[in-house]
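Q: Hi! Could you walk me through this fold before I set anything up?

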Amino acid sequence: MKFRAKIVDAACLNHFTRVSAMIAKLAKTCTLRVSPQKLNFILSDRVASGGVSMWCELEQENFFREFQMEGVSAENNAIYLELMSENLSRALKTAQNARALKVKLTNKHFPCLTVSIELLSVSSSSRIVTHDIPVKVIPRKLWKDLQEPTVPVSDVSIYLPVLKTMKSIVEKMKNISNHLTLSVIRLSILICSTKTFPCSTSSRLSPRPPRGPERCPHGHARRTFSFSSLRGILAED
C-alpha cells in the first residue's frame, strides 16, 4: 500500500484544515478512506446510542496538486486507516500560512500518516515541520462495516439559517436542557425549542432559501437532537 499527496493552494489547505477540525469535535477516532478519486472521513458510531454517524467525501482533484496511491490490490484499490481525529486536527493547525503540505503513509516501526508542512521563516527561507500520526490499517474483512450509508428519501427538506446563528442558539439553550427540538411549520418558520420543568424556551427563525421553500405536506415537521451531536455538526460553518 502506498499513499502520497501534496497541497499547495492556500484556500484548499484552509478548507482541509477546517474539515479536520470539524471531525475532531464530533468524535475521538475516525476512519480515513483513500481511493484514487476521493478521500473519505468516516464516523460510524451507533446513532441510537447517542453517537454520530458521518460520511464526508472530498474529491482529491479539488484539494491536491499531487496525489498518488496504491490500495490493497488492483481489485480493492483503497486504503482504510483508523486514527485519532484530534491528532490530525492538531497537526494541520500548524499549517497556517504554509507554503505547502505533504501527507504520506509511512512505516516508522508502526504505521503512520506523516504530515510535512513547509513554512516560511522570517528570512524568507523555508523550514519543514513534520508530524507522525499513528494509524491503524483496517483489514479488508472489516471494510463492509465502513460503507457509504444509504440515505432514505426525505419527506421534508429544510433550508437552515446561517450556521453561526444556529450555533449561537444551540450554545445558549444547552444550559437549559440536554436536547433541542427543531420544528418547521407551513409558513417556513423554523422553531428551536427546549422544554424542562419548570422552564421552557423557543426561538423562531425565518430562513430564506434560494428557491421556493419545500413545505411539509401536513404543514409541520419536528425532530429532537441531543446537544452533543448538534453542537459538533455546527462547530464549523
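A: Happy to; we can start with the sheet and then go on to hairpins, salt bridges and a helix. Keep in mind that this is a predicted model.

Q: Great. In what order do the strands of the open sheet come?

A: The order is β4-β3-β2-β6-β9-β8-β7-β1-β5, nine strands in an open sheet with antiparallel pairing. The edge strands, each pairing on one side only, are β4 (53-59) and β5 (66-70). On average, neighbouring strands of this sheet are turned by 25 degrees against each other, direction ignored.

Q: Nice. How many bridges join β1 to β7?

A: Four bridges, between β1 (residues 2-7) and β7 (residues 100-107), and the two strands run antiparallel. As a landmark, Ala 5 stands opposite Val 103 in β7.

Q: And what about β7 with β8, how many bridges there?

A: Eight bridges, again in the antiparallel sense. Asn 107 has Pro 111 in β8 as its bridge partner. These two strands make a hairpin with three residues between them, where His 109 takes a positive phi near 70 degrees.

Q: Is β8 mostly covered or mostly open?

A: Mostly covered: seven of the 10 residues in β8 (residues 111-120) are buried. Glu 118 counts as buried too, because its relative accessibility is 19% and the cut-off for buried is under 20%.

Q: How many salt bridges does the structure hold?

A: Four. One of them joins Lys 38 and Glu 57, with the closest N and O atoms 3.1 Å apart. Lys 38 lies in strand β3 (residues 38-44) and Glu 57 in β4, so the pair ties together parts 19 residues apart in sequence. Lys 38 is partly exposed at 26%, and Glu 57 is partly exposed at 36%.

Q: What about Glu 86, which side chain does that one meet?

A: Arg 90, at 3.7 Å from N to O. Both belong to helix α2 (residues 85-93) and, being four residues apart, are separated by about one helical turn. Glu 86 is partly exposed at 32%, as is Arg 90 at 46%.

Q: Switching topic: which residues of α3 are buried?

A: Met 166, Ile 169, Val 170 and Met 173, in a helix covering residues 163-173. Down the axis of α3 they fall within an arc of 100 degrees, so they line one face of the helix. The face turned away from that buried side carries the exposed Lys 164 and Lys 172.

Q: Last one: where does Leu 146 lie?

A: In the loop between β9 and α3. Leu 146 is buried, with a relative accessible area of 8%. Its C-alpha atom is separated by 7.1 Å from that of Ser 44, 102 residues apart along the chain.

Technical notes: Residues numbered from 1 in each chain as written. Predicted model: local features only at pLDDT ≥ 70, side-chain atom pairs only at ≥ 80, totals over all residues. Heavy atoms only, no water. Buried < 20%, exposed > 50% of the residue type's maximum accessible area, 1.4 Å probe, protein only. Arc of directions from axis to C-beta. Pairing = 2+ DSSP bridges. Axes fitted to C-alpha atoms, helices over the stretch in contact; angles between N-to-C directions.
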